[in-house]
Amino acid sequence: MTMHNATMKYLSIIILLVFSSLCMKAETLHKQLRQVQVTARRPMKEIGVQKTAFDSLTLKENIALSMADVLTYNSSVFVKSYGRATLSTVAFRGTSPSHTQVTWNGMRINNPMLGMTDFSTIPSYFIDQASLLHGTSSVNETGGGLGGLVKLGTLPDVPDGLNAQYVQGIGSFSTFDEFARLTYGNDHWQSSTRFVYSSSPNDYKYINHDKKVNIYDENKNIIGQYHPTERNRSGAFKDMHLLQEIYYNTLRGDRFSLNAWYINSNRELPMLTTDYGNEHKFENRQREQTFRSVVTWDHNRSNWKTGIKVGYIHSWVAYDYRREITTDNWSSMTRSRSRVNTVYGQADGEYSPNRKWYFTANISAHQHFVRSEDKNVILQDGEKAIVGYDMSRIEISGSASAKWRPIDRLGMSVVLRQDMYGDRWAPVIPAFFIDGIISPVGNVMLKASISRNHRFPTLNDMYFLPGGNPDLKNEHGFSYDAGLSFDTGREGRFTLGGGVSWFDSYINDWIIWLPTTKGFFSPRNVKKVHAYGIEVNANLAVTPADGWLIDLHGSYSWTPSVNEGEKMSPADMSVGKQLPYVPRNSASVTGRLSWKTWSFLYKWAYYSERYTMSSNDYTISGHLPPYFMSNISLEKGLSFKPADIQLKLAVNNLFNEDYLSVLSRPMPGINFEFFIGITPKFSKSKKNYTDL
Amino acid sequence: MNISRLLTSTRIIPCLALTLLLGGCMEWDYGNDDETFDIPGRGLFITNEGNFQYGNATLSYYDPETNEVLNEVFYRANGMKLGDVAQSMTIHGDKGWIVVNNSHVIFAIDINTFKETGRIEDLTSPRYIYFVNDHKAYVTQLWDNRIFIVDPSRYEITGTIEIPDMPQGTGSTEQMVGYGRFVYCNCWSYNNSIIKIDTETDRVVDRLTVGVQPTSVVIDKNNKLWTLTDGGFDGSPLGYEAPALYRIDAETFTIEKVFRLELGDTPSELQTNGDGDRLYWLNNDVWCMNVTASQLPVQPFLEQRATKYYGLTVDPGSNEVYVADAIDYQQQGMIYRYSPDGHLINEFYVGITPGSFCWKP
């Protein structure tokens, strides 16, 4: 075998790994393990890119999962959440939630008012392809991703003919999940309609360690106290999602697609463990209606391609905080409404004159129209008044890149990006990437990159009333990373891969909201943060015997994220300390054991201690203890003439851990959900949905 | 054994399973052993608000004689958290009453042992408590147009005082001072008035319009009420104006004098000294003025030092000034203790966002 063939063989194993990934079903992977072909070449677009991809089995493990769950158990990103259907934000490489950009089919979906994305509102069953672009690598797609980019998308990957799937989940705390999908496909057309509805009172029991119940004698003297067992109060949710996709492929190099996603969410916001209010006399509720749509045209030729996307987002969010004054007489304390309309357009072009060069160019525009109001201000003369803002802002981002691979084992890439928000221009964002195969044996690859990056203040940062600060500066900084990866395997027996990367980033003029003496918060540029660390991942797929598969994936990250700014006051003890709610260590392991139509999945996640204070004081409430979390599921597929049936039992928090992810927010103990999926056999299809 | 054989060996399965299962243990460190305190004598309680929605408010205690500081004393004495946003504390008899705003509760504690003696629950958004007598106290509220009447001896809500012409949801009543049988209360958030309550009838009997958002109210030795407005904010429907210090005669309930500050100033925390002849307040710096002064001072009593002054009190016995620096509002705040002539005597860390003080006699 020549050196070239050997290299290509190992490269093909990598490609295989990417596609088969970690939680692949035994049968599928087994087939793929035996289908290793010496055909692949590293994509030019991904030269030097640090990327974590999630496969479809991970995304579609069960219908009750959101992207927050997927990220928790399949990456080293820290997900800050306090239970199902609650605000779930991420800290990517030690940064804040607004430093992670999120795209859906190319369109940025970060909330332009807040800058962050709530991953609990993205059902993983609606996502066909998902990947993380770590740090610098996000510059290839968008600006502002100081931590990185979460790239989400759908695919026209539906079976031929008419197909349907229905899944129902019934779980603890009267939780019900429904999923239905109807697809139609032929050579040219594909259509998919997906529907999810989840509801639960979410009133799980927990021991309230933060509170004691008093036992009084008749003279109102306390004669006893105990920590009560309480139920999660005001945690109910009803979430509905509908996704329609239509794809048309000319089979002559042109592809058109339409994606439209509607969300209707009605969630209570759970009470704190330290709340002594009567849950029946307070209402704390958030409602959301969001519609996102993207129309795409892709035009592909042998050595160039171009694409155009246009999109629209409408989001209406209502937050109500009410108190019952007398029976059925509710007083509204907060009645805030926000309405966001975003028009989006994007054009891409790629050109590869030969095997050594690859050029890309991209320009995107998001025009936001935002109206944010608190309608509950009633003046003493009885007149209603609105406190809020009504602003629009255009956000334009353009980039050009050149990628060069002088020899098969070495690649380099330069990206230049320019961002403009409103009337502000950020300095050009340059990024440089390099990778090289240092050993064909084991396909050992070295990657490195460097970039400058900026993030503009959000609309709330600048205009929120009261408190918005239009004088805020951009957050900005440098990022570097370097990594080593390897992949090996033996045809039909095992694949083994892994990588380690080091990153180092400095973020200046970090924006945080601070209280004022007037009773509201206001944002300021205050901190300089040095976020650095190591990310490690490994995966292994083994077929010990015919019909068996062991599939393991692990990740670990060490992420010091340190305040290196000036002291805010002579007594400031936060300089040199870890940022609050950013764990230094986090890890996750997913293991699947499959035998024929049986599959057992074990998911494990670990987060080290998180500080809640900037000074990292080890006070009673200054830190949250580390925790391990284990979830398992057992799945069985049955095949009958009219339909395939899938049965699954999932057990969450297997060891019934008593833990907190966020201060004063209790998490559920052991809980169960049983799923049954039905996939009718309307006709002879090339493939059917079998994942539950 | 080569890697292929190792990886395909079935022995790897139990090994991996064991590794995963071992990861099920979690360290948890809730302390359940209550500490016993018995600290008689004079001292200073500091209520630390904590962070909104974190439930990390705490109570600190400082002995000015020994300079001993005890932090988190409520938790340490009672084995439970104080709650979310500790707004204020008032001592009546041998009990201290801590108003915990976003926990909708007021805790009563023994002021020497810090042990809870009872609690009043299910308040709307309590801010301050004022004792009319042993069986009646008033509790002011944010987002409510009612002052709650409570029986401290039974820890029960016994009634309400509805504030005339105050919208329900955006109501706001704050600090209270007594003069004769009347209680005077400033109405702060989106309000601009001082109300007068007859403690015999529990009714609002008069109302005085002042500037935008009066933050605090005190009474001096001459029975003059003083209130300090913050002027609101740019874009507020109530208006945005220069803050002002108002002197109001308690007997006639009329404004006698207005001392206007600069537009954009952020004054708060109006206090008097023990003799009631000097006023102190925060406006970035610490300011001080004689109650008989005819104009505002031009120089601050204490200049800020990149500090974020958030709380202020004056020792009623020694006239020493205590000012709280919240720093970044996410770490233990610092209390600076100054002599009456402005020399630093001591400094000590307390809890997150120290906002108010309460002197134990």
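View 1. Strands here are DSSP runs of E with at least two residues, helices are H or I runs of at least four, and both are numbered from the N terminus; two strands count as paired if DSSP finds at least two bridges between them. Look for Met420(A), whose bridge partner in β23(A) is Trp425(A). The hairpin made by β22(A) and β23(A) has 2 residues between the strands, and Gly422(A) in that turn has a positive phi of about 60°.

A word on bookkeeping: residues are numbered from 1 along each chain as its sequence is written, while chains are lettered from A and ligands numbered from 1 in the order in which they are written. As this is a predicted model, local features need pLDDT of at least 70 and side-chain atom pairs count only at pLDDT 80 or more, whereas totals for chains, interfaces and linings use all residues.

**View 2. Other partners of β22(A), and its two faces.** Strand β21 (residues 384-407) of chain A pairs with β22(A) in the antiparallel sense over 11 bridges, and a hairpin of 2 residues links β21(A) to β22(A). Within that pairing, Ile396(A) sits opposite Met420(A). Strand β24 (residues 429-439) of chain A is also antiparallel to β22(A), with 8 bridges; here Gly411(A) faces Asp435(A). In a regular strand, side chains alternate between the two faces of the sheet. For β22 (residues 410-421), the covered face includes Val415(A), Arg417(A) and Tyr421(A), and the uncovered one includes Leu410(A), Leu416(A) and Met420(A).

View 3. Strands β15 (residues 237-249) and β16 (residues 254-268) of chain A pair antiparallel over 13 bridges, with Asp239(A) opposite Ser265(A) of β16(A). Their hairpin leaves 4 residues between the strands, and Leu251(A) takes a positive phi near 65° there. Moving on, β16(A) is joined by 15 bridges to the antiparallel strand β17 (residues 282-300) of chain A. One pair to pick out is Trp261(A) with its bridge partner Arg292(A) in β17(A).

**View 4. Asp461(A) and its surroundings.** Is Asp461(A) buried or exposed? Asp461(A) counts as buried because it has 24 C-beta neighbours inside 10 Å. The cut-offs are 20 or more other C-beta atoms within 10 Å for buried, 12 or fewer for exposed, and partly exposed in between, with C-beta atoms placed from the backbone. Asp461(A) belongs to helix α5 (residues 459-463) of chain A. Leaving out residues up to four places away in sequence, Asp461(A) touches Gly468(A), Asn469(A), Leu472(A), Ile511(A) and Pro523(A); contact means C-beta atoms, placed from the backbone, within 7 Å.

**View 5. Where chain B touches chain A.** In this view, 72 residues of chain B contact 77 residues of chain A. On the chain B side, β7(B) gives the most, with 5 residues. By class, that side has 27 nonpolar, 29 polar and 16 charged residues. Nonpolar covers Ala, Val, Leu, Ile, Met, Phe, Trp, Tyr, Cys and Pro, charged covers Asp, Glu, Lys and Arg, and the others, Gly among them, are polar.

**View 6. Confidence along chain A.** The mean pLDDT, the predictor's per-residue confidence from 0 to 100, is 89 for chain A, and 92% of its residues reach 70 or more. Over residues 1-40 of chain A the pLDDT is below 50, though this stretch has 82 contacts in the model beyond near neighbours in sequence. Where pLDDT is low, the predicted coordinates should not be read in detail.

Note on methods: Contact = placed C-beta atoms within 7 Å.
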